[in-house]
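Visitor: I'm new to this one. Could you pick a single part and take me through it closely?

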Amino acid sequence: MRHAKKDAPTIYEQAPEIKPGQSIELLKELHILTRDGKLNQDSRRKLKQVYHLVQFIEPLLKDVEVQKNGEGATVVDHGAGKSYLGFILYDLFFKGRDNGGHIYGIETREELVQKSTELAARLGFPGMSFLNLSVAESTGSDKLPATIDVVTALHACNTATDDAIDFALKKHAKHIVLVPCCQAEVASVLRKNKGKDLGRSALTEIWRHPIHTREFGSQITNVLRCLQLEAHGYQVTVTELVGWEHSMKNELIVATYKNLPRRRPAERLQQVLAEVGLEELSSRFYTGQPAPQAQEAESTTD
């Protein structure tokens with residue numbers, strides 16, 4: 001008795017990490033899958049990392065759709081690189097929704113912008129655009145809408161993360177997702193002012209040694225960013241982005257606009273800047289004027 005020939009396993013069976021309906025061609029183009037449909041260990045880790053981020057972002061996109069009565073979200077991904085996140089997010093969430101959602105990838109390397117543009121056209125992803133701009137340039141660019149729903153910046157180096165926050169604030173973003181990277185500016189100011197600050201307070205011992213200057217500079221930068229967002233009415237949560245390979249600094253900052261009281265975080269921000277000798281950076285970590293609703297809320301809670 002002959003046994004029926006067993007069908008070869010599908011790619012989805014070979015790689016159960018791949019979600020049903022996910023574009024195999026996209027995963028091959030992003031070099032997550034090999035040409036014969038295999039996942040190596042490095043690719044498996046990369047896919048897991050992007051999925052982890054998508055899990056944080058998808059609920060934000062759904063929240064925007066609810067607020068906009070079903071209309072799709074506009075997303076700007078700063079420092080997009082090869083746009084792994086943008087493409088997979090579009091493939092898993094935006095594809096087939098046909099509700100006007102759009103993802104903009106902002107990237108300074110022209111060759112990556114060109115490749116991403118060609119790939120989006122080849123895959124039939126009409127709701128994706130890629131712009132050859134710096135984060136700072138994008139804030140005033142007429143190629144982007146006046147308001148953006150969700151802003152992401154993943155390992156945008158040094159002050160590019162602050163530029164992304166500035167972009168998000170000026171574009172009235174409902175949600176902001178940040179994974180900061182190599183924050184050097186604050187550390188350089190701490191280093192420059194170290195001599196005159198050392199005798200001022202015992203707390204300056206925290207950054208007296210060069211390695212501590214660097215580490216404390218990185219830590220305080222993110223503290224200031226969180227206070228700045230809170231001073232503009234955002235609710236901020238900070239957590240760890242597990243398993244991200246690029247950096248040992250895997251802090252994930254998620255901010256959602258709630259029109260919260262602004263005065264206290266604004267005051268705390270100025271106090272921290274003064275306490276650690278960073279007053280000269282107050283224009284970077286700027287605060288907004290409290291909205292009338294926020295002032296009323298504060299007067300009832302103070």
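Guide: The chain's secondary structure comes to 11 helices and 7 strands, taken as DSSP runs (H or I of at least four residues for helices, E of at least two for strands) and numbered from the N terminus. This is a predicted model, where local features need pLDDT of at least 70, side-chain atom pairs count only at pLDDT 80 or more, and totals for chains, interfaces and linings use all residues. Residues are numbered from 1 along each chain as its sequence is written, and side-chain values use heavy atoms, leaving out hydrogens and water.

Now for helix 5, which has 14 residues, 110–123. From first C-alpha to last, helix 5 reaches 20 Å, close to the 20 Å expected at 1.5 Å a residue (that is, 1.5 Å times one less than the number of residues).

Its buried residues are Leu112, Val113, Ser116, Leu119, Ala120 and Leu123; buried means under 20% relative accessible area, exposed over 50%, and partly exposed in between, with a 1.4 Å probe and protein chains only. An α-helix has 3.6 residues a turn, so residues three or four places apart point the same way.

What does that side pack against? The partners are helix 2 (24–29), helix 4 (84–94), strand 2 (102–107) and strand 3 (128–132). On the face turned away from the buried side you'll find the exposed residues Glu110, Lys115 and Ala121.

Definitions and conventions:
Contact means heavy atoms within 4.5 Å.
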